[in-house]
Amino acid sequence: MDIDDILAEVSGDGLPSETRDLQELTRAWVTERSAPELLPWPSSLMERVLGRIHRQIEVVEEQVGNVDPKTNFRLIIIQTELERFKFLVRSFVRTRNAKINKHALYMLSNPTQTARLSPSEIQYANSHQTLLEAHYRSSFLSQFPSSLQRLDDTAGGISMIEQPDVDTAVFVRVLRDVEEPIIVEGTDIDFEMRRGDVYVVRWSAVREHVLSGDAELI
């Protein structure tokens, strides 16, 4: 089973909760890796997934050393599933951390962006930015006039805070029909989104539909 197979079945209501969580986590991972900006932290999903990982680790630790062949086979299955979840969680978190490293000041100075961070990520972003500013000041900023030492300066109407490029092209697959036509800002392009269609389009044009679940990044 590849990623497309997992994502295609994500809406299966009759699936076990563990399978649904795996599908949701896979979709969140793919979307986060494809989107040019940080997406909202899926708190409920991550709480369930991390809780499941913790319980599975406890089961493995309790059963280690059991010589029963059936138990050993069950442990192999549990460990395989455990490693799959752990890989997705690690890659998901690393992807988000990379975005935080690149745009920490933007996220911390923008309440909408800060709301997308988990409590741990907010702490990480603050620590990262504090260390970065201290490094800049000790390296070169201290040599500048005080008026030129700000990293969030907006003099002349130009902000020094680097922001994600929301006009980056992304691949998007439509999950549900969208009634309103999609208009690509700054162009004369508009199109309709119908279930099953795949487009290459600016992230800014489809962002709200991806966040609402009408479409997904691939």
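Which residues of helix 7 (residues 203-212) are buried? In this predicted model, they are Trp-203, Ala-205, Val-206, His-209 and Val-210, where buried means under 20% relative accessible area, computed with a 1.4 Å probe on protein chains only.

## Basis of the description

The model is predicted, and local features need pLDDT of at least 70, side-chain atom pairs count only at pLDDT 80 or more, and totals for chains, interfaces and linings use all residues. Residues are numbered from 1 along each chain as its sequence is written, while side-chain values use heavy atoms, with hydrogens and water left out.

## Overall layout

The protein chain contains seven helices and five strands, taken as DSSP runs (H or I of at least four residues for helices, E of at least two for strands) and numbered from the N terminus. Read from the N terminus on, the elements follow the order α-α-α-α-α-α-β-β-β-β-α-β.

Of the 218 residues in the protein chain, 34% are buried. When contacts (heavy atoms within 4.5 Å) between residues at least 6 apart in sequence are considered, 61% of them join residues at least 24 apart.

## Helix 7 and its surroundings

The buried residues of helix 7 are Trp-203, Ala-205, Val-206, His-209 and Val-210. Viewed down the axis of helix 7, they fall within an arc of 135 degrees, so they line one face of the helix; the arc is that of the directions from the helix axis to the C-beta atoms.

The cover over these buried residues includes helix 2 (17-34), strand 1 (169-174), strand 2 (182-183), strand 4 (198-202) and strand 5 (215-217). Just after helix 7, Gly-213 adopts a positive phi of about 95 degrees.

## Helix 2 against helix 3

The axes of helix 2 and helix 3 (residues 43-63) come within 10 Å and cross at roughly 120 degrees, which makes helix 2 oblique to helix 3.

On the side of helix 2 the contact is made by Ser-17, Glu-18, Asp-21, Glu-24, Leu-25 and Ala-28, and on the side of helix 3 by Leu-45, Met-46, Arg-48, Val-49, Arg-52 and Gln-56. The residues of this contact divide into five nonpolar, two polar and five charged, with Asp, Glu, Lys and Arg counted as charged, Ala, Val, Leu, Ile, Met, Phe, Trp, Tyr, Cys and Pro as nonpolar, and the others, Gly among them, as polar.

## Thr-95

Thr-95 lies in helix 4 (residues 69-109) and counts as buried at 14% relative accessibility. Leaving aside residues up to four places away in sequence, Thr-95 touches Glu-32 and Arg-33.

Notes: Buried means under 20% relative accessible area, exposed over 50%, partly exposed in between (1.4 Å probe, protein chains only). Axes are lines fitted to C-alpha atoms, for helices over the stretch in contact, and angles run from 0 to 180 degrees between N-to-C directions. Angles under 35 degrees count as roughly parallel, over 145 as roughly antiparallel, 65 to 115 as roughly perpendicular and the rest as oblique.
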